[in-house]
Amino acid sequence: MTTPMKPASTEAPYRLASSGFRDGQRSVFDVAGRNVGGGGFALIAGPCTVESREQLLEVAAAVNDAGASMLRGGAYKPRTSPYSFQGLGQEGLRLLAEARERTGLPIVTELLDVRDVEDVVEVADVIQIGARNMQNYALLAEVGRTDCAVLLKRGLAATLEELAMAAEYVLKEGNERVMLCERGIRTHETAYRFTLDLLAVPALQEMTHLPVLVDPSHAAGRRDWVEPMSLAAAAAGADGIIVEVHDEPGRAICDGPQALPADGFAGYAERVRRAAELAGKEVSVAA
Ligand code: PEP
Ligand code: MN
């Protein structure tokens, strides 16, 4: 007797993340008073890494004055070389808490190691999971058990389905506030740091119900290419941007060449706001 063939499943393997899960309704949620998803556009800006009190507070004030939605800054940095600066760690978290206190901006910061989760959630409004950890399943499950929103970056060579499956690990633990982030992938092209895959925006918005953000900084690797890609991402309907800004880009410890100068950020933010408007979105600020 032959076993009947199983009918092909129409269900996506990333069940909780799939657009079908909410009957076509997209995820919209609150992060410390900022609307994420739907008509809200999250403009997340700040230094690659927290370097000093002066640096962080200066950048925080500049992006806050320009109407950014949230402040980014790494206290734990995933560096290609183990000899490079690895971040200020707990001192960096303390400075982020001070910047939050002064500006009211919600904090987005990366978690690299499950052992630091308690310290990070004390300060973070959004835990960033970096490209290198997109498939660190223990870390994904751990942040899934927190009640902190999560920004999940696409792995350097990950497919969109793999990204959606990674989000599934977070959602499965009960954490529903997950944002996906396209940050450039490795291709044969070497003219820029990574290939920014902007088609990921409409594709992920079709595949999943989750907000989709774009990081133009790490893809470009050069500050003059950051704005055109930001405008393109916003016009393409991205739910937000996470961009690197520094008060003295020439002296940045990490990712200086791609950092936007803090003193020009207001103009940039205004142009991004107009591009987001083209796609029917408004930059989210405190209600
Ligand atoms: C970062 O945001 O500073 C970062 C390290 O990003 P990614 O994980 O995308 O390389
Ligand atoms: Mn960086």
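Buried residues are those under 20% relative accessible area, exposed residues those over 50%, and partly exposed residues those in between (1.4 Å probe, protein chains only). The structure is a predicted model, in which local features need pLDDT of at least 70 and side-chain atom pairs count only at pLDDT 80 or more, while totals for chains, interfaces and linings use all residues. Residues are numbered from 1 along each chain as its sequence is written, chains are lettered from A and ligands numbered from 1 in the order in which they are written, and side-chain values use heavy atoms, with hydrogens and water left out.

Helices (H or I, at least four residues) and strands (E, at least two) are DSSP runs, numbered from the N terminus.

Strand 10 runs parallel to strand 3, to which it is joined by 5 bridges; Ala-45 has Val-243 of strand 10 as its bridge partner. Strand 9 (residues 212-214) also pairs with strand 10 in the parallel sense, over 2 bridges, and here Val-214 is partnered with Ile-241 of strand 10. A further parallel pairing, over 2 bridges, connects strand 10 with strand 11 (residues 260-261). In that pairing, Leu-260 of strand 11 is the bridge partner of Val-245.

Ser-230 is located in helix 8 (residues 226-235) and is buried, with a relative accessible area of 0%. Its side chain reaches the backbone oxygen of Val-226 at 2.7 Å. Leaving aside residues up to four places away in sequence, Ser-230 touches Pro-216, Ile-241, Tyr-268 and Val-272, where contact means heavy atoms within 4.5 Å.

The whole structure contains 19 salt bridges, a salt bridge being a side-chain nitrogen of Lys or Arg within 4 Å of a carboxyl oxygen of Asp or Glu. One of them joins Glu-176 to Arg-22, with the closest N and O atoms 3.9 Å apart. This pair links distant parts of the chain, as Glu-176 is in the loop between helix 5 (160-172) and strand 8 (178-182) and Arg-22 in the segment before strand 1 (29-31), 154 residues apart. Glu-176 is exposed, at 51% relative accessible area, whereas Arg-22 is partly exposed, at 29%.

A salt bridge also forms between the side chains of Asp-197 and Arg-154 (2.8 Å, N to O). Asp-197 is in the loop between strand 8 and helix 6 (200-207) and Arg-154 in the loop between strand 7 and helix 5, so the pair ties together parts that are 43 residues apart in sequence. Arg-154 is buried, with a relative accessible area of 5%. Arg-53, Glu-98 and Arg-102 are joined into one network by salt bridges that share partners.

There are 3 aromatic pairs in the structure. Rings of Phe, Tyr and Trp (its six-membered ring) pair if their centres lie within 6.5 Å; planes under 30 degrees apart count as stacked, over 60 as edge-to-face and the rest as tilted. Tyr-137 and Tyr-169 are stacked, at 4.2 Å centre to centre and 20 degrees between the planes. Tyr-137 is in helix 4 and Tyr-169 in helix 5, 32 residues apart. Tyr-137 is partly exposed, at 36% relative accessible area, and Tyr-169 is partly exposed, at 36%. The rings of Tyr-192 and Trp-225 have centres 6.1 Å apart and planes at 80 degrees, so this pair is edge-to-face. Trp-225 counts as partly exposed, at 29% relative accessibility.

Methods
Polar contact = N/O pair within 3.5 Å; in protein donor to acceptor, adjacent residues only side chain to side chain. Pairing = 2+ DSSP bridges.
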